[in-house]
Amino acid sequence: MVWLEFVTDALQEIGVYAPGDTIDAPVMDTAVRRLNYLIDEWAALDRYAYTVDFLLRTITPSHQPTLIGPGLSSPDWATSNSLPRPARIEGANLVLNSSNPSTDLIIKVRDDAWWLNQQVKSITSTIPTDLYYSSSFPNGEIYLWPIPTVAYQVRLEVWVVVGEVDADTIGSTTVVIPTGYRKAMMLTYAEDLTTPLQRPMPDTLPERARKARA
C-alpha cells in the first residue's frame, strides 16, 4: 500500500469519492496537509509510538549541545530513517566501548528544573552521568553533564513513530505502519477530514475509529 491509497480509503469512508474516482488536486492538497497534522499529533503522544529505538551514536568530545534530528552529521546526530527529532528521550546509557565486551552505564535523563539548577553547566569529565534534553525544533538539543571529553558512545531510547508524508511522492511511497495501526490511523484520519471537506460525520465512523484505536 502507498500513501495515495491510504488517503483514498479515508476519502471514501466519508463519501467524498467513490472507488475509481480521480481525486481533485485541491482536495488532495488539503488531505495531505491534514494527514501530516495527524501524524504530527500522534508523534507527540507516547501511546501512539509503536515501539522504541535504541540509537547508538558517538560522542564528539567537548561538543555541547549535541543536536539530534533528520539529516544531521558529525559532530551532531542524525535520527534513523530521516524521522523528526525525538519528542522526548526515555532513557540513555553511556557505552564504554574501550573495553571488550563493552559496558553500558546508566545516564540519568533529567528535566528542565534540574538543568536550570545546575550552577556550573560547563564542567567536564571523561564520564557523563546525566542528560538533559531540550526538544527544540527542527532539531533537539542534548546536553550531557558533565561535558564528556572522551569519544565514548551513547545509547538513546527514543519513540519510533510514523514519518510525515511528502505530497510529491504520495503515489510511490510505501505506508510503513505496523499491524493494527493502519486501520486506526486511517479511520481517525477520515474523522478529521469531515470538517475541512464539509462532509457529515458517518454514523458508524466514530465508534469504528474508537475500537480501532483501542
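In the predicted model, the axes of helix H2 (25–43) and helix H4 (residues 181–193) come within 10 Å and cross at roughly 125 degrees (axes being lines fitted to C-alpha atoms, for helices over the stretch in contact, with angles from 0 to 180 degrees between N-to-C directions). H2 is therefore oblique to H4, since angles under 35 degrees count as roughly parallel, over 145 as roughly antiparallel, 65 to 115 as roughly perpendicular and the rest as oblique. The crossing of H2 and H4 is right-handed (the near helix is turned clockwise from the far one by less than a right angle). Residues are numbered from 1 along each chain as its sequence is written, and helices (H or I, at least four residues) and strands (E, at least two) are DSSP runs numbered from the N terminus. Local features need pLDDT of at least 70, side-chain atom pairs count only at pLDDT 80 or more, and totals for chains, interfaces and linings use all residues, while side-chain values use heavy atoms, without hydrogens and water.

On the H2 side, the contact (heavy atoms within 4.5 Å) is made by Ala-31, Val-32, Arg-34, Leu-35, Leu-38, Ile-39 and Trp-42. H4 contributes Ala-184, Met-185, Thr-188, Tyr-189, Asp-192 and Leu-193. Ten of these residues are nonpolar, one is polar and two are charged (Ala, Val, Leu, Ile, Met, Phe, Trp, Tyr, Cys and Pro count as nonpolar, Asp, Glu, Lys and Arg as charged, and the others, Gly among them, as polar).

Helix H1 (residues 3–13) also packs against H2, with axes that come within 11 Å and cross at roughly 100 degrees; H1 is thus roughly perpendicular to H2. Trp-3, Leu-4, Phe-6, Val-7 and Leu-11 of H1 meet Val-27, Met-28, Ala-31, Leu-35 and Ile-39 of H2. This contact comprises ten nonpolar, no polar and no charged residues.

One cavity of 30 Å³ or more is present (on a 1 Å grid over the protein atoms alone, a cavity is a set of points where a 1.4 Å probe fits but cannot get out, a pocket is an open set with protein on both sides within 12 Å along at least five of seven lines, and lining residues have an atom within 4 Å of a point). The largest cavity holds about 40 Å³, a volume being the space filled by probe spheres set on the points, which are joined across faces, edges and corners. Ile-39, Trp-42, Ala-43, Tyr-48, Val-161, Val-162 and Met-185 form its lining.

The largest pocket has a volume of about 790 Å³. Of its 32 lining residues, Leu-83, Pro-84, Val-161, Val-162 and Gly-163 are the closest to the centre.
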